[in-house]
Amino acid sequence: MLCISEKPKRSALNQLTRTLLRKYDCGVRPVRNWTSSTTVSIDLILQSVLDVDGKTQSITISIWYRQIWTDEFLVWDPEEFDGINEISLSSDAIWVPDVIVSEFVDGGKSPLIPYIYVNSSGSVKNYRPMQVVLACSLEMYAFPFDKQNCSLTFRSWLHSVKEIDLTLWRSAEAIANDKREFMNDGEWELLSIPSRYWQIHQDNTDFAHIQFNVLIRRRPLLYVVGLLIPSIFLMLVDVISFYLPLDSGIRIAFKISILLGYTVFRVNMMDELPATAVRTPLIGVFFVVCMALLMLSLIKSILVVKLLHHSEKEVRQMSVSACLLDKYGSAGHESVLTSIKTLDHINTSRDYELEPSLLDGDLLSLNEIQDAPSGAEWLLQELVSLRLALSQDDSESSAQADWLTLCSRLDCFLFRVYLLVLVLYTSTLLLLWASWSFA
């Protein structure tokens, strides 16, 4: 007696798959009445914001994307296939709607999901994670207190609303407030995702659109600590440097060191600033103006010190001339007592005037004193010379002190003007940034 082995029965899952796909055409829209449209429900969950590029005006985000539609050719009775209610099929084997994102620039690094789920009533679920690069009009002027509004517009590439219509799978309120999957520990904070549906008329045909607006806000703490606070500290140090002595070279050397340090700081922080070719961010203007103020402060100090030292030289020249004019002489051959009397008429207010008649008299008096062999006359001559030298030193010191006082007042006035400009500029920026931060 021969034993004939029975062929193994195919599994219910295998039989169901073969049954559904035996006469299935993936190129035909799955409706039995061609006049009826296929409604595709769309849902979106934002997972993270990966990159915001102001130079290329693009944003890279990671989302969970869900499509649900009804395929009238993928329907079965679960009782005939061991109670199977849902199976997975290859996305290449069945019809898939041609829904795209209008702002799509690059597919990024989205993982390939080759399967979709189909249940016994014909409902098809296409769930997949996506990393997409979108074109977005980024406004970087308020950096780092900026907010961005980037949209994802879903539409059918070829089919009109009579063939493929779009709808939201969840309510607009639920989608807008859904933040459960968003990675909220990064640089960007998710505000909301409002959505809307509309139709656009093009080529005598209406096309359905669903738009999701991703509203995000940058967290500015990192940039405030790393960019703004160090810059403000350097400006405060520059303001304090005005209290250094005016007549010393320490102030100018100190201001040059501050300017050099600020330049190195700016070069190191260039990578932290957003690159945009449309409009310069306000923080970039802030850094440029701060450097200009440091340059203005240095130039002001150089001018004041230059004025101070130039005037000291002139005062010194005037003091030497005054000494020559006030020497103890008079017209004719006068005695030593006349020379002593001439000293009493020296103008103590340092306003010396030259009289030509006095110069010859002084020289003749000195000749008489030098010709006299008496020791008392020689001693008197030395006392006269000493008194003139002391008067000259007092005159120079007094003139220098007066000019130093004048330059100090000028320096104080320029410092107040500089401080007023700095305070007004800083206050304006802080008010703008505060209004943007709490808006």
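Which residues are buried in helix 4? In this predicted model, they are Arg-251, Ile-252, Lys-255, Ile-258, Leu-259, Tyr-262, Phe-265 and Arg-266. Buried here means under 20% relative accessible area. Seen down the axis of helix 4, these buried residues fall within an arc of 145°, so they line one face of the helix. An α-helix has 3.6 residues a turn, so residues three or four places apart point the same way.

The face turned away from the buried side carries the exposed residues Ile-250, Leu-260, Val-267 and Asn-268. Next, check the length. Helix 4 covers residues 250-268, 19 residues in total. At 1.5 Å a residue, helix 4 should span 27 Å, and its end C-alpha atoms are 27 Å apart, which agrees.

Helix 1 comes next. It runs over residues 12-21, and Ala-12, Leu-16 and Leu-20 are buried. Down the axis of helix 1, the buried residues fall within an arc of 65°, so they too line one face of their helix. What covers them includes strand 3, residues 86-90.

Finally, look at the largest pocket. About 390 Å³ of space lies in it. Its lining counts 20 residues, and the closest to the pocket centre are Tyr-65, Val-99, Asn-126, Arg-128 and Met-130. Strand 4 (99-101) and strand 7 (123-135) each supply at least two residues of this lining. Strand 7 gives the most, with 6 residues. By class, the lining has 13 nonpolar, 5 polar and 2 charged residues.

Key: Residues are numbered from 1 along each chain as its sequence is written. This is a predicted model: local features need pLDDT of at least 70, side-chain atom pairs count only at pLDDT 80 or more; totals for chains, interfaces and linings use all residues. Side-chain values use heavy atoms; hydrogens and water are left out. On a 1 Å grid over the protein atoms alone, a cavity is a set of points where a 1.4 Å probe fits but cannot get out, and a pocket is an open set with protein on both sides within 12 Å along at least five of seven lines; lining residues have an atom within 4 Å of a point. Grid points are joined across faces, edges and corners, and a volume is the space filled by probe spheres set on the points. Helices (H or I, at least four residues) and strands (E, at least two) are DSSP runs, numbered from the N terminus. Ala, Val, Leu, Ile, Met, Phe, Trp, Tyr, Cys and Pro count as nonpolar, Asp, Glu, Lys and Arg as charged, and the others, Gly among them, as polar. The expected span of a helix is 1.5 Å times one less than its number of residues. Buried means under 20% relative accessible area, exposed over 50%, partly exposed in between (1.4 Å probe, protein chains only). The arc is that of the directions from the helix axis to the C-beta atoms. Contact means heavy atoms within 4.5 Å.
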